[in-house]
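User: Please take me through the features of this model one at a time, giving the general idea before the particular case wherever that helps.

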Amino acid sequence: MEIMIEIMTSTHPLWNKTISFAEKCSWRAGAALARKMRENDFAENERVIIALENDDIAGFCTFANKDELPPEYDFTPFISFMFVDEKYRGHRLSGKLIDVACGIAKDQGFSIIYVMSGEVGLYEKYGFEKIGYYATIYGTRDQLFQRNLLIKNG
């Protein structure tokens with residue numbers, strides 16, 4: 001399986017195809033990403049990152065300034081909307097997407113990147129450590145993870 005990673009803004013030729021994929025994916029948050037993309041609700045430095053096998057979108061994530069934390073928290077930046085299609089799972093695509101997002105963060109001068117997630121054991125495999133549980137803007141609690149970008153992660 002040869003996977004290509006694309007870093008996108010709204011002018012990318014695969015933008016609309018990614019919106020369609022996100023809307024139809026099995027993860028309910030995909031529809032929220034599709035809406036955000038359709039409205040181009042991104043800051044200038046934020047990106048949508050997709051994994052492709054040939055012409056098929058295999059997964060996506062975003063590099064974002066904020067995620068689901070209330071505004072009183074100043075953690076930034078985030079990897080968010082992480083999703084890998086079921087038929088592509090088990091090939092470490094999450095790791096490839098994470099590495100690209102971390103590269104964007106480093107290029108923008110950040111030394112730490114964050115992830116909010118309910119997943120247990122996923123992000124730790126990619127060099128993240130859990131900081132704790134935090135209330136979200138949705139009235140739920142989720143785990144906050146961080147990864148130091150100045151340390152080489154294996």
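**Cysteines, helices and rings**

Analyst: The sulfur of C25 lies 13 Å from the closest cysteine sulfur, which belongs to C61, and this is too far for a bond. The model is a predicted one, and the distances and angles that follow are to be read as computed from it. In general, a disulfide is a covalent bond between the sulfur atoms of two cysteines. C102 is likewise in no disulfide, since the nearest cysteine sulfur, again that of C61, is 9.2 Å away.

User: How many disulfides does the structure hold, and are C25 and C102 buried or exposed?

Analyst: The structure holds 0 disulfides. C25 counts as buried because its relative accessibility is 11%, and C102 counts as buried because its value is 4%, the cut-off for a buried residue being under 20% relative accessible area.

User: How should I read the sides of a helix, and which residues of α1 are buried?

Analyst: The general idea is that an α-helix has 3.6 residues a turn, so residues three or four places apart point the same way. In α1, the buried residues are W15, T18, I19, F21 and A22. They cover an arc of only 165° around the axis, which places them on the same side of α1. The face turned away from that buried side carries the exposed residues N16 and K24, while the buried residues pack against β1, α2, β2, β3 and β4.

User: Which residues are buried in α2, and what do they pack against?

Analyst: The buried residues of α2 are A29, G30, L33, A34 and M37. Viewed down the helix axis they fall within an arc of 150°, so they line one face of α2, and they pack against β1, α1, β2, β3 and β4. A32 also lies in helix α2, but A32 counts as partly exposed because its relative accessible area is 27%. A32 and F81 are 49 residues apart along the chain, and their C-alpha atoms are separated by 8.9 Å.

User: How many residues does α3 have, and what span does it reach?

Analyst: Helix α3, residues 93–107, has 15 residues and reaches 21 Å from its first C-alpha to its last, which is close to the 21 Å expected at 1.5 Å a residue. Its buried residues include L93, L97, I98, A101, C102 and I104, and what covers the buried residues of α3 includes β1, β2, β3, β4, β5 and β7.

User: How is a pair of aromatic rings described, and how many aromatic pairs are there here?

Analyst: A pair of aromatic rings is described by the distance of the centres and the angle of the planes. The count for this structure comes to 14 aromatic pairs. One of them joins W15 and F42 in an edge-to-face arrangement, with 5.8 Å from centre to centre and 75° between the planes. This pair links distant parts of the chain, as W15 is in helix α1 and F42 is in the loop between α2 and β2, 27 residues apart. Both W15 and F42 are buried, and K36 lies over the face of F42, at 5.0 Å from the ring centre. Elsewhere, F21, W27, F60, F81 and F83 form one aromatic cluster.

User: Finally, in which strand is L144 found, and which residues does it touch?

Analyst: L144 is found in strand β7, and at 0% relative accessibility it counts as buried. Leaving aside residues up to four places away in sequence, L144 touches a set that includes L69, F75, F78, Y114, M116, I131 and Y134. By contrast, L144 and F110, 34 residues apart in sequence, are 17 Å apart in space, C-alpha to C-alpha.

Methods
Residues numbered from 1 in each chain as written. Predicted model: local features only at pLDDT ≥ 70, side-chain atom pairs only at ≥ 80, totals over all residues. Heavy atoms only, no water. Phe/Tyr/Trp six-rings, centres within 6.5 Å; stacked < 30°, edge-to-face > 60°. Helix = DSSP H or I, 4+ residues; strand = E, 2+ residues; numbered from the N terminus. Buried < 20%, exposed > 50% of the residue type's maximum accessible area, 1.4 Å probe, protein only. Lys NZ or Arg CZ within 6 Å of the ring centre and 35° of its normal. Expected span 1.5 Å × (residues − 1). Contact = heavy atoms within 4.5 Å. Disulfide = S-S within 2.5 Å. Arc of directions from axis to C-beta.
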